[in-house]
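Please consult the sequence and the structure shown below while reading.

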Amino acid sequence: MFDIEDIRAQWAKQRPDLDTEPMGLIGRTVRLSKLFGDEMGKTFSKHGLNHASFDVLATLLRAGPPHALSPNELLATMMVTSGTMTNRIDQLVKEGLVARVANPDDKRSVRVQLTARGQQKIDAAVTEHVEVQKRLVDGLGQKDRADLARLLDKAVAALDPKLG
């Protein structure tokens, strides 16, 4: 695999008029994201989950007891369409990891709630997930991690002030 600076050097020869510094930053970010995703995906798979199912189950778990949210509340935390969310919920219901239950505040609607099996599965997966994430950033010291978090927040805010 080519180093990002090798790629930039090739561009410099072919198109010296282009400023490829952003390409280097974005290339590193994309590469790091893929490496992180691949490693975390191994953990999800080990627990019979994928990124999408982990995301839904973890969102329900961190919501606190009774570990239930409306489909719209789930949708608000994830960048997916309502149809995609419905499919994710349907699959998790089939696997017995969540159940659709009556909303105690509005009998016309339902909430998605972790089952005991779902809570057991996500508890185990999230414990290992956090350990994997810790390992993934161990190469950076505490100050470097804080600096990187600040810089990434700044980059996100520049692109989407609502998220900054």
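Helices (H or I, at least four residues) and strands (E, at least two) are DSSP runs, numbered from the N terminus.

## Basis of the report

The model is predicted: local features need pLDDT of at least 70, side-chain atom pairs count only at pLDDT 80 or more, and totals for chains, interfaces and linings use all residues. Residues are numbered from 1 along each chain as its sequence is written, and side-chain values use heavy atoms, with hydrogens and water left out.

## The largest pocket

A pocket is found on a 1 Å grid over the protein atoms alone, as an open set of points where a 1.4 Å probe fits, with protein on both sides within 12 Å along at least five of seven lines; a lining residue has an atom within 4 Å of a point. Grid points are joined across faces, edges and corners, and the volume is the space filled by probe spheres set on the points. The largest pocket holds about 610 Å³ of space.

Its lining comprises 16 residues, and those nearest the centre are Thr29, Leu148, Leu151, Leu152 and Ala155. Two or more lining residues come from each of α2 (21-46), α6 (116-137) and α7 (142-159). The largest share, 8 residues, belongs to α7. By type, the lining consists of 12 nonpolar, 2 polar and 2 charged residues, where Ala, Val, Leu, Ile, Met, Phe, Trp, Tyr, Cys and Pro count as nonpolar, Asp, Glu, Lys and Arg as charged, and the others, Gly among them, as polar.

## The nonpolar core

A nonpolar core is a set of buried Ala, Val, Leu, Ile, Met, Phe, Trp, Tyr and Cys residues joined through side-chain atoms within 4.5 Å. Buried means under 20% relative accessible area, exposed over 50%, and partly exposed in between (1.4 Å probe, protein chains only). The largest such core has 22 residues, with the most contacts inside it made by Leu49, Leu57, Leu60, Leu74 and Ile122. At least two core residues are supplied by each of α2, α3 (51-62), α5 (82-94), β3 (106-114) and α6. The largest share, 6 residues, comes from α3.

Contact means heavy atoms within 4.5 Å. When residues up to four places away in sequence are not counted, Ile122 touches Leu49, Phe54, Leu57, Ala58, Leu61 and Leu114.

## The sheet

Two strands pair if DSSP finds at least two bridges between them. An open sheet is formed by 3 strands in the order β1-β3-β2, with antiparallel pairing. Its edge strands, each pairing on one side only, are β1 (68-69) and β2 (98-103).

Between β1 and β3 there are 2 bridges: Ala68 is opposite Gln113, and Leu69 has Val112 as its bridge partner. Between β2 and β3 there are 6 bridges, and Asn103 stands opposite Asp106.

## Two loops

The loop between α3 and β1 contains Pro66, and the peptide bond from Pro65 to Pro66 is cis, with omega near 10 degrees. His67 is found in this loop as well. The phi of His67 is near 55 degrees, a positive value in a residue other than glycine. His67 is buried, with a relative accessible area of 10%.

Met78 lies in the loop between α4 (71-77) and α5. With a relative accessible area of 6%, Met78 is buried. Beyond its neighbours within four places in sequence, Met78 is in contact with Asp55, Val56, Thr59, Met85 and Arg88.
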